[in-house]
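User: Please go through this structure with me, one question at a time.

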Amino acid sequence: MIQKLLVANRGEIARRVFTTCRALGVATVAVHSDADADAPYVAEADEAVRLPGNTPVETYLRIGSILDAARRTGADAVHPGYGFLAEHAGFAAAVTDAGLTWVGPPAGAIAAMGDKIAAKELLAGAGVPMLPTWTDGDEVTDFPVLVKASAGGGGRGMRIVRDPADLPAAVDSARREAAAAFGDGTVFVERYVERGRHVEVQIFGDTHGTVVALGERDCSIQRRHQKIVEEAPAVLPDGVRERLHAAAVAAGRAVDYVGAGTVEFLLAPAGEFFFLEMNTRLQVEHPVTEAVTGLDLVRLQLLVAEGGALPVPATPPADGHAIEVRLCAEDPTQGFRPATGTLHRFTVPGVAGEFTPTRGLRLDSGVDTGSTVSVHYDSMLAKLVAWAPTRAEAARSLAGALARAELHGVATNRDLLVRVLRSAEFGAAQVDTGFLDAHPGVFAPLLPADRLPVAALAAALAGAAARRAAAPVLAGLPSGWRNVPAVPQAVRYATTTGDEIEVRYRLDRSGALADWSTDPTATDAPDAPPVVELVTAAPDRVLLDVAGVRRVFRVHRAGSVVFVDGPDGATELTELPRFPLPRAALAVGSLLAPLPGTVTRVHVGAGQRVAAGDLLLTLEAMKLEHPVLAPTDGVVADLPVPAGGQVETGAVLAVVNPEEAPR
């Protein structure tokens, strides 16, 4: 039996595996980069080994370093988690060659499914339905198509192409991204199905010849081909579920599969389905399967790795419904680019359990309050899962918990997830992989523009309460009160969208709000603020009566940044100094790096004329390519960062002199 397990991964999946190990009495070993030295998963392991460096290539992708960590700690088994080396056949073989127990499928099965081109050919022979596929872009005749990486998943190396003229550039870009993410730039092209649904089947096999399906998941709602909402069971037409399960089991048996695996299918509107790929590992979205089956899939992985027989002889019936969302560090004001920073507060209300099958709300998080989100790894912070007897109840519970969560310090996709869960179309199970494109309204922030002034007022009043609480004398007097008429107090804030809002308020001698107003720069702000009465104000909580309705605002300050969570949504405000210091002005037309990264390609030269939307350069950060486009017609005046250069947030990437309009 396994006595000590090393997890060759990081973040929430490492914490997930450690939780089951503790329940089973298995000792645990973590490996970590320098950037992850203070991460929660490292502290939770019984032992931890440093992998010097920060980038995945330096750390989590070094097979020799991980095996050395197992040897030094006496670990007798290795769990790969997901991502990094989880689907690396060479790693699986190296682990077993070192005399360690590999918690995963055999190297042969990983190799067979790891090459997606070869996998399609193999499983087509087993009767699994396939989409038309091309390995040579010049042979593609049927558009639209999807360019895909052969060696990986997670949306990396994927491009939709509708115009044949765009195919060569899409293939080149996909190859670069795939090579950076997986070390293999091989790509292929397959037919793209409009309004298709991404439905996958969880399979499990043991060394005794058993392969079973443990239900299916709908993972159709995606952005940049990465799943953000998953649910089990899927809402399927009559008869489709049984055929999906049978095809998935056939795929597993074709490669003598052992352990946890996922067979992914594309479901067309008419009900026909096609094989996409097989992931030879535990999936990010496995908690929804655990919720509706009651099974601990990590426990089953360890049981099978030890040679035990699966205790599940057939597909178990689904009990209730579960929905999972991926909470990611992404900035909605910057096109959902990955975001970095420090989490000053990370709390989710109503969580019933973490990292194991749970009825109600489950949180699997790689971060805690105080964690640093670095540029070196992907942007997922946590997974929040809701189980309920019905799909509608699960969606409502999950949306409510997300809306009330306090997520301070790093921009996230929380508002998008809440709007998706509360949309009428999601409620009616009208989902497909183009859901976000078809419903742009879900990208609107939860806090409406006309509610921002009241939130800013709450921030100002909380600040005043904090100053009075810290006052060494006359602390009982209202903030800013004078015995003679005086001008209102004023506080200016910058919003996350780049606008500014000034709050002016005056308290009377009893501490009541005598009057208030705002002067916002946002063009969609209201003309006049609502009637507001101050009920109570503390440094961290303000209760206001807004037009006869009492509203509670939770306020948290970190330096000059104020986070306000209210009944309508959350906002982040940066208090601006009353007398700002002068600073160097940027050249007109400067394009700044939205996050730290590496300039991988420069597509233009200094002095070149460009049109608005032209690709200037490509920035790689957090495992994704980010195109930097010309904001206007003009001439490239400067390109200060060459290809291969590393930049920090706010660095000037290019300067485009705008072209003057003809007179």
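This is a predicted model: local features need pLDDT of at least 70, side-chain atom pairs count only at pLDDT 80 or more; totals for chains, interfaces and linings use all residues.

User: Which kind of aromatic pair do Phe265 and Phe273 form?

Analyst: Phe265 is buried too, at a relative accessible area of 0%. The ring centres of Phe265 and Phe273 are 5.4 Å apart and the planes stand at 80°. Planes over 60 degrees apart count as edge-to-face, so the pair Phe265 and Phe273 is edge-to-face.

User: How many residues apart are Tyr60 and Phe84, which form an aromatic pair?

Analyst: The rings of Tyr60 and Phe84 are stacked, 5.0 Å centre to centre with 20° between the planes. Tyr60 lies in the loop between β3 and α3, and Phe84 in the loop between β4 and α4. The pair therefore links distant parts of the chain, and Tyr60 is buried at 0%. The separation of Tyr60 and Phe84 is 24 residues.

User: Which residue in β3 is the bridge partner of His32?

Analyst: Strand β2 covers residues 27-32, and β3 covers residues 47-50. The two strands pair in the parallel sense over four bridges. In β3, the partner of His32 is Arg50.

User: Which ring does the charged end of Arg359 sit over?

Analyst: The charged end of Arg359 is 4.0 Å from the centre of the ring in question. That ring belongs to Trp387.

Definitions and conventions. Residues are numbered from 1 along each chain as its sequence is written. Side-chain values use heavy atoms; hydrogens and water are left out. Buried means under 20% relative accessible area, exposed over 50%, partly exposed in between (1.4 Å probe, protein chains only). Two strands pair if DSSP finds at least two bridges between them. Rings of Phe, Tyr and Trp (its six-membered ring) pair if their centres lie within 6.5 Å; planes under 30 degrees apart count as stacked, over 60 as edge-to-face and the rest as tilted. A charge sits over a ring if NZ of Lys or CZ of Arg is within 6 Å of the ring centre and within 35 degrees of the ring normal.
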